[in-house]
Amino acid sequence: KCLTIVDEHTRKALGTVVVSNIKHRDVLSKLQVLFVERGKPEAIRSDNGSEFIAYGLRDWLESQKVQSLFIPPGKPWRNGKNESFNSKLRDECLNREWFDSIVEARVVINGFMKFYNQERIHSALGYLTPCEFATLERQRQTLYVDQKTGSRPPSYSPESNGMAEAFVKTIKRDYIYVNDVCSAEQVINDLDAYFEDYNEVAPHKGINMSSPRMFLRKNLN
């Protein structure tokens, strides 16, 4: 059997567990590694398999303050991102191979996961690979710090980070999507130019149709 773990936002395959019979301890061990490497998610979505509903795993996730989201029985489409990856894994890898051992299966599946993350483009990601999209998202991330209190919004709540989210949407709409961008590398290389134009000339309703720099000049002089 093969357990797959996918980041719903970036579509990146984070890991697999290939064993003859998946137990909750296998899931827990893999999640422990991922939590150390990537940090804790807000929630984990899964079906109602015995390895996921076991008290040992659920109690551990609760101790980590990670919510368990179980999809309704018989409705795999409610876990669509993971099911999409599983379908591609099955059609493009498993159905083309004949494994003589679990070790061989692990090697081949991990090889496909690397190909999927680093080479296989996705229309839902703007024809980027998951790794390219994840890199681009890290470059786009901004953190709004309240100038009066210095408070920071929770990283898992985009709604509470509204100004930064509005900025990201504007950069996507007015700069990235309207240009003939062929790769994440090109976007990253052009970000400084996008930011310069945004700060100098882009008008904002929230600051009386001034650009950010124009607004600062008016209020600092």
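How many bridges join strand E1 (residues 2–6) to E2, and do the two strands run antiparallel or parallel? In this predicted model, in which local features need pLDDT of at least 70, side-chain atom pairs count only at pLDDT 80 or more, and totals for chains, interfaces and linings use all residues, 5 bridges join E1 to E2 and the two strands run antiparallel. Residues are numbered from 1 along each chain as its sequence is written, and side-chain values use heavy atoms, with hydrogens and water left out.

Helices (H or I, at least four residues) and strands (E, at least two) are taken as DSSP runs and numbered from the N terminus, and two strands are said to pair if DSSP finds at least two bridges between them. On this basis the protein contains 9 helices and 4 strands, which follow one another from the N terminus in the order β-β-α-β-α-α-β-α-α-α-α-α-α. Of its 221 residues, 33% count as buried, where buried means under 20% relative accessible area, exposed over 50%, and partly exposed in between (1.4 Å probe, protein chains only). The accessible surface, computed by the Shrake-Rupley method with a 1.4 Å probe and, for residues, with only the protein chains shown as cover, comes to about 14,400 Å², of which 50% belongs to carbon and sulfur atoms. With contact defined as heavy atoms within 4.5 Å, 48% of the contacts between residues at least 6 apart in sequence join residues at least 24 apart.

The hairpin has 6 residues between the strands, and Arg11 takes a positive phi near 65 degrees. Thr10 also lies in the loop between E1 and E2 and counts as buried because its relative accessibility is 7%; residues up to four places away in sequence not counted, Thr10 touches Leu125, Pro130, Phe133 and Ala134.

Strand E4 (residues 67–70) includes Gln67, which counts as partly exposed because its relative accessibility is 45%. When residues up to four places away in sequence are not counted, Gln67 touches Glu42, Ala43 and Ile44, and its C-alpha atom is separated by 8.6 Å from that of Pro41, 26 residues apart along the chain.

A nonpolar core is a set of buried Ala, Val, Leu, Ile, Met, Phe, Trp, Tyr and Cys residues joined through side-chain atoms within 4.5 Å. The largest such core has 15 residues, and those with the most contacts inside it are Leu3, Val27, Leu31, Phe35, Leu57, Trp60 and Leu61. Two or more residues are given to this core by each of E1, helix H1 (24–38) and helix H3 (55–63), and the largest share, 5 residues, comes from H1. Leaving aside neighbours within four places in sequence, Leu57 is in contact with His24, Val27, Leu28, Leu31, Glu51 and Phe52.

Helix H9 (residues 212–220) contains Leu216, which counts as partly exposed because its relative accessibility is 47%.
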